Structure formats: structure tokens, C-alpha cells
Amino acid sequence: MAKNLILLGLPGAGKGTQADLIVKDYPMVHISTGDIFRANLANDTELGKQAREYMDAGNLVPDEITNAMVADRLSQADVQADGFILDGYPRNEAQAAFLDKYLAENGTSVSATLYFEVSDSLLRERLLGRGRADDTPEVIDNRLAVNKAANLPLVDYYQKAGVLHTIDGGQELAEVYHDVKAVLDNL
């Protein structure tokens, strides 16, 4: 049966890097919500048009639109055959509940949620090291605080669901991936 993974962690925790490694060793589709949004906007889909209205006004795109975009992507043949790695979704408990319901209606579920735990000081160091113009210490601290507020309820949600695996994301890259593989090989 296809494996369905969710990656959780604060910005700089290494979710994208680990997803890139996972797809090399396991037949899964890496789905980033950023990629889904960009594709819908670029292809001027109905959902993309709706999302653009909110984005152009500087507002967050409502869960209903985000959920619909994710559901559309999850319904595609490659995901149906191989399973998925979700990176950047769900972002809140309402989205997590929607995802559980959607998957259950389609005869599957979340196999595991990997939570990459990294100290604030290391996250700050990693984010400052990326060299992005908007990555000032103040912006980074705010981004971490906002993401922490969103992530911690999801950690609790998936812990209660019995699918949460906490990974020490502060280790060297190879050690982190070793721990990831240990979880995946036991699913």
C-alpha cells in the first residue's frame, strides 16, 4: 500500500531537504503547497483565480480554497499509485481534519507525520545563513513565532492520532535522514 507522509517543522527545520532525499529512496510524490499554488496561478485555474483575489488584496487564502487545491492534487494518478509527502500542508487543525476526512473517503489515511524538532537558535542560524534579503533577525523571529503557534496544535493533533514521529532535526543531515528511514522502513 502507498505510504502517505506529512512533514511538520518550523522554517529551517529541513523538511524540504528531507523530502528530496525520501523521494530518491521511496516511490512517493513530494507535494509542496507552494508548488500547488504556483501551478494553479500559472494555469489560471478556477481555484487559482479565486486564490489570486485574496493574495492580491494581501489576505490569506481561505482553507476552503487551499483544501480544494490539495484535494485536486491528491486525486491525480501519480499520487494515487505512489502515495505522497505533504510539505506545508496542513497548516492548521481544520485543514488536518479536512485531510483525514478526504483520505478516509478515498480509502486511505496518513501513514506517518514526521515532526522535525530543531532549537530556535539553530533555526535562526540556518535562516540567517540562507542570505535572503527579507531574512532579518526580526523577521525571522516573527516567522518562527507565527509558525510555532500553527505547528504546535498540529503536533498534538497527530500525536493524538498515533502517527507522530519526532525527529531530531538539529543533527547532521545524514543522521536526520537515518532516523527518517528508520520510521519509513517500519511503516
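Let me start with a definition: two strands count as paired if DSSP finds at least two bridges between them. Helices (H or I, at least four residues) and strands (E, at least two) are DSSP runs, numbered from the N terminus. With that in hand, strand E3, residues 83-87, is joined to E2 by four bridges, and the two run parallel. One example is Val29, whose bridge partner in E3 is Phe84.

Some housekeeping, everyone. This is a predicted model, where local features need pLDDT of at least 70 and side-chain atom pairs count only at pLDDT 80 or more, while totals for chains, interfaces and linings use all residues. Residues are numbered from 1 along each chain as its sequence is written, and side-chain values use heavy atoms, with hydrogens and water left out.

Now, the whole sheet. In what order do the five strands sit? The order is E2-E3-E1-E4-E5, in an open sheet with parallel pairing. Strand E2 (29-32) and strand E5 (164-168) are the edges; each has a single partner strand, so one side of each has no neighbour in the sheet. From one strand to the next, the twist averages 25 degrees.

Moving across, E1 and E4 pair in the parallel sense over five bridges, and Leu7 stands opposite Leu114 in E4. E4 and E5 also pair in the parallel sense, over five bridges; here Tyr115 has Thr166 in E5 as its bridge partner. Is E4 mostly covered or uncovered? Mostly covered: five of its six residues are buried, where buried means under 20% relative accessible area, exposed over 50% and partly exposed in between, with a 1.4 Å probe and protein chains only.

Helix H2, residues 33-42, lies across E2 and E3 and runs at about 70 degrees to E2. Helix H8 (residues 137-160) packs on the sheet and touches strand E1 (3-9), strand E4 (112-117) and E5, with its direction at about 145 degrees to that of E1. For those angles, axes are lines fitted to C-alpha atoms, for helices over the stretch in contact, and angles run from 0 to 180 degrees between N-to-C directions. Contact means heavy atoms within 4.5 Å.

What about the inside? A nonpolar core is a set of buried Ala, Val, Leu, Ile, Met, Phe, Trp, Tyr and Cys residues joined through side-chain atoms within 4.5 Å. The largest one has 29 residues, of which Ile31, Leu74, Leu86, Leu99 and Tyr158 touch the most other members. At least two residues each come from E1, E2, H2, helix H4 (63-74), E3, helix H6 (93-105) and H8, and H4 gives the most, with five. Leu86 touches Leu5, Ile6, Leu7, Ile31, Val70 and Leu99, leaving aside residues up to four places away in sequence. A second, separate core has 23 residues, including Ile22, Ile85, Phe116 and Ile167.

Finally, the overall picture. The protein has nine helices and five strands. Its radius of gyration is 16 Å, close to the 16 Å that the globule rule gives for 187 residues, so the protein is as compact as a globular protein of that length. That radius is taken over C-alpha atoms, and the rule is 2.2 Å times the number of residues to the power 0.38. Along its principal axes, the C-alpha trace spans about 45 × 40 × 30 Å. Buried residues make up 41% of the 187.
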